Amino acid sequence: MQNKEEKYAAFQAKLMPTVDRDRILGVRVPLLRKLAKTLPEEEKKDFLSLLPHDFFDENMLHAIILCMEKEPLQCIDEIERFLPYIDNWAVCDTLRPKIFKKEPILLEKSVWKWLSGEETYTVRFGIGCALSYFMGESFSPEFPKKIAALKSGEYYIDMMRAWYFAELLAQRKDEALPYLAERKLDKWTHNKTIAKACESFRIADERKAELRGMRWK
């Protein structure tokens, strides 16, 4: 792949300990986005069919192309094919197809399946979808209930759980507060949720003071 940078690859490797260094070329995301926009449709289809990819950068390009998919059911099928090959948080969190902002209901059944999955990044992706697409009119209290009940102990899942509940505090504080007040989360996720919420500009200072008082010592 063109436009690779050795120094940038070394920097990325430090952020993604789950990926072998020799699988990171160091192609910057803006260049991957440009490539995704300019590739002919037939070449995109051919590329998406080539799984597994050899390099992290190819997986990033794959995720970016799927984010541009305009047919929701086709997008879900392609996500299902791709999820088993995701092995890091960066690709997982890049995969947020825009089409589901408009039609989240089409994704809901799949999200429940992913949240019940066994693979780390499948579960993380499911939480990320709940965060990205089901905080507004499509919100259901069953989502935080399910996410709180996840007891994996896996860092990349629990970090996303904390991110989810911090976002819930910012957008739907009345739904989120009982999970902290009643300690429905494990200690690590509980405290990380508070830490992330206190970094948010959307949460008032007086609310942050209240949250700090809820830390689990």
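Contact here means heavy atoms within 4.5 Å. Helices are DSSP runs of H or I with at least four residues, numbered from the N terminus. This is a predicted model, where local features need pLDDT of at least 70, side-chain atom pairs count only at pLDDT 80 or more, and totals for chains, interfaces and linings use all residues. Residues are numbered from 1 along each chain as its sequence is written, and side-chain values use heavy atoms, leaving out hydrogens and water.

**Stop 1: helices 10 and 11**

Select residues 142-149, helix 10, together with helix 11. Phe143, Pro144, Ile147 and Ala148 of helix 10 meet Arg161, Tyr164, Phe165 and Leu168 of helix 11. This contact has seven nonpolar residues, no polar ones and one charged. (Nonpolar covers Ala, Val, Leu, Ile, Met, Phe, Trp, Tyr, Cys and Pro; charged covers Asp, Glu, Lys and Arg; the others, Gly among them, are polar.) The two helices pack at an angle of about 150°, with axes 10 Å apart. Axes are lines fitted to C-alpha atoms over the stretch in contact, and angles run from 0 to 180 degrees between N-to-C directions.

Now keep residues 155-171, helix 11. Of its 17 residues, 13 are buried, so helix 11 is largely enclosed by the rest of the structure. Buried means under 20% relative accessible area, exposed over 50%, and partly exposed in between, with a 1.4 Å probe and protein chains only.

**Stop 2: helix 4**

Select residues 56-67. How many residues of helix 4 are buried? The count is 12 of 12. Among them are Phe56, Asp57, Glu58 and His62. The cover includes helix 1 (6-15), helix 2 (29-38), helix 3 (41-49), helix 5 (72-82) and helix 6 (89-94).

**Stop 3: the core**

Show Ile79, Ile127, Tyr164 and Leu211. These have the most contacts inside the largest nonpolar core, which has 70 residues. Such a core is a set of buried Ala, Val, Leu, Ile, Met, Phe, Trp, Tyr and Cys residues joined through side-chain atoms within 4.5 Å. Zoom in on Ile79: leaving aside residues up to four places away in sequence, it touches Leu66, Leu95, Pro97, Phe100, Trp114 and Phe125.

**Stop 4: two backbone details**

Most residues other than glycine have a negative phi, and most peptide bonds are trans. Go to Pro52, in the loop between helix 3 and helix 4. The peptide bond from Leu51 to Pro52 is cis, with omega near 0°. Finish at Arg183, in the loop between helix 12 (173-181) and helix 13 (187-197). Arg183 is not a glycine, yet its phi is positive, about 50°. Arg183 is partly exposed, at 39% relative accessible area.

Note on methods
The expected span of a helix is 1.5 Å times one less than its number of residues.
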